[in-house]
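Work through the exercises below with the sequence and the coordinates at hand. Each task is followed by a stepwise solution.

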Amino acid sequence: MWGGRFSEATDSFVAAFTASVGFDQRFARHDIQGSIAHATMLEKCDILTADEVATIVDGLQQVLGEIEAGDFNWSIALEDVHMNVESRLTDIVGAVGKKLHTGRSRNDQVATDIRLWLREETDNIITLLVRLQSGLLDLAEQHTDTIMPGFTHLQTAQPVSFGHHVMAWFEMLYRDTERLVDARRRINQMPLGSAALAGTTFPIDRTITAELLGFEGICQNSLDAVSDRDFAIEFTSAASILMMHMSRMSEEIILWMSAQFNFVQIPDRFCTGSSIMPQKKNPDVPELVRGKAARVFGQLMTLLSLMKSQPLAYNKDNQEDKEPLFDCVDTLTGSLLAFADMLPNITPNKEKMRAATMKGYATATDLADYLVRNGVAFRDAHEVVGNAVALGIKEGVDLSDLSLAQLKQFSDAIGDDVFDYLTLEGSLAARDHLGGTAPNQVKQAVVNGRARLKAFA
């Protein structure tokens with residue numbers, strides 16, 4: 001395919017070393033999709049005849065059929081998916097197949113293939129994210145009144161509802177969805193027509209090709225178009241943030257499943273046992289997702305490092321952009337599939353959660369707020385409650401188990417109604433504002449969440 005420039009054949013090791021067909025054949029359908037659009041544009045611009053284009057399109061569809069049927073013979077000697085497809089096309093239709101490459105280069109061709117492929121994968125991932133979030137909304141709705149301890153520093157802080165905690169997960173994933181939707185706009189820009197780096201001398205019309213391929217914009221500079229991989233880096237960055245969120249969720253599930261917490265159970269089908277300890281039920285899916293987050297982070301670093309020293313325009317280095325991106329998409333897709341099935345099927349242990357909430361003086365802030373409402377300055381109230389907690393620790397009881405006399409020794413502002421504010425249910429109900437953990441606020445958050453998800457339908 002190099003024509004007459006070279007005086008000797010490529011070394012066999014170099015041919016294998018530089019070939020990408022072993023992995024970029026994944027682009028075959030998108031490559032053919034782009035080639036059909038390119039040929040159609042060439043006809044509309046009177047560069048190829050209608051008969052030539054009809055022959056080329058029929059041939060490309062035959063090639064696609066062979067690939068999908070598993071009958072295609074991939075050749076390392078032809079280096080990549082593009083030359084394999086073009087060579088087979090020429091075998092089928094003859095010399096007219098050689099005209100397909102008019103007005104383009106493999107540089108803008110591969111840049112187009114990557115964008116077409118990643119656009120499709122991004123759509124699939126967004127669909128999975130919406131499915132996962134819908135499942136979380138259902139779970140949250142079932143447990144707006146299920147009380148659990150909220151933590152800071154992994155120490156009991158204040159009571160929250162399990163539904164409220166699940167809605168925090170929802171909000172993380174919602175931002176991830178927004179990021180991917182936004183990134184998709186920059187993925188969906190067409191480089192085709194930039195040729196090798198400077199454009200082409202043929203009178204092409206790039207708007208025709210962009211419309212045929214469903215691109216919402218056209219890359220405005222040919223040098224940038226063939227060498228830009230920002231869109232892949234941006235996608236991998238969004239994927240890394242998403243995997244970070246899923247890793248945080250995994251960590252909580254792993255802790256909560258331990259005998260020491262015993263807050264939740266996940267179905268057996270998402271767990272494994274031990275080859276030596278018969279009692280074990282290991283949370284392998286969340287553990288593996290937690291581990292796979294590191295893998296996606298690594299692919300982001302790979303792409304950033306790959307691009308950081310490249311001069312304009314295209315360089316062979318860019319062949320190394322595909323495998324990290326493929327692995328990132330595969331890892332993220334698999335993790336989302338597992339979570340979309342697993343998370344909505346979590347079963348909380350309500351009694352254990354409630355008992356744990358009672359152990360950490362979780363209503364201490366409620367007592368401080370009570371004192372403030374009765375005219376005590378907050379800093380003074382803070383000290384009063386601290387003294388009350390110290391007494392509770394000494395007596396081995398919760399604040400709600402101290403007598404009124406014991407509480408009043410720390411402040412005359414404490415009255416008979418104080419115990420209304422020291423119950424777990426009262427604590428939850430008191431936080432009745434947008435974003436609060438009050439059950440009616442969580443129910444409204446679920447309703448709002450379902451409405452917000454419709455934007456991604």
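**Exercise 1.** State in which helix Gln-299 lies, and decide whether Gln-299 counts as buried or exposed.

Solution. The model is a predicted one.
- Step 1: Gln-299 belongs to helix H11, which spans residues 284-307.
- Step 2: The relative accessibility of Gln-299 is 14%. Buried means under 20%, so Gln-299 counts as buried.
- Step 3: With neighbours within four places in sequence left aside, the contacts of Gln-299 are Thr-236, Pro-324, Asp-327 and Cys-328.

**Exercise 2.** Describe how helices H10 and H12 pack, and classify the residues of their contact.

Solution. 
- Step 1: H10 covers residues 230-257 and H12 covers residues 322-342.
- Step 2: The two helices pack at an angle of about 35°, and their axes are 10 Å apart. The crossing of H10 with H12 is left-handed.
- Step 3: On the H10 side the contact includes Phe-235, Thr-236, Leu-242 and Met-246. H12 contributes, among others, Cys-328, Leu-332, Leu-336 and Phe-339.
- Step 4: Sorted by type, the residues of this contact are 15 nonpolar, three polar and no charged.

**Exercise 3.** Which residues touch the most other members of the largest nonpolar core, and which helix gives that core its largest share?

Solution. 
- Step 1: The largest nonpolar core has 91 residues. Phe-162, Trp-169, Phe-235, Leu-336, Leu-343 and Ile-346 touch the most other members.
- Step 2: Helix H6, residues 106-142, supplies the largest share of this core with 14 residues.
- Step 3: Take Leu-336 as an example. Beyond four places in sequence, Leu-336 is in contact with Ile-125, Leu-128, Leu-129, Leu-132, Leu-242 and Met-246.
- Step 4: As background, nonpolar side chains tend to be buried together in soluble globular proteins.

**Exercise 4.** How many disulfides does the structure hold, and how far from Cys-45 is the nearest cysteine sulfur?

Solution. 
- Step 1: The structure holds zero disulfides.
- Step 2: For Cys-45, the nearest cysteine sulfur is that of Cys-219, 18 Å away. A disulfide needs two cysteine sulfur atoms within 2.5 Å, and Cys-45 is in no disulfide.
- Step 3: Cys-45 is buried, at a relative accessible area of 15%.
- Step 4: Cys-219 is likewise in no disulfide, and its nearest cysteine sulfur is that of Cys-45. Cys-219 is buried too, with a relative accessible area of 10%.

Notes: Residues numbered from 1 in each chain as written. Predicted model: local features only at pLDDT ≥ 70, side-chain atom pairs only at ≥ 80, totals over all residues. Heavy atoms only, no water. Core = buried A, V, L, I, M, F, W, Y, C linked by side-chain atoms within 4.5 Å. Buried < 20%, exposed > 50% of the residue type's maximum accessible area, 1.4 Å probe, protein only. Helix = DSSP H or I, 4+ residues; strand = E, 2+ residues; numbered from the N terminus. Contact = heavy atoms within 4.5 Å. Axes fitted to C-alpha atoms, helices over the stretch in contact; angles between N-to-C directions. Left-handed = near helix turned anticlockwise from the far one by under 90°. Nonpolar A, V, L, I, M, F, W, Y, C, P; charged D, E, K, R; others polar.
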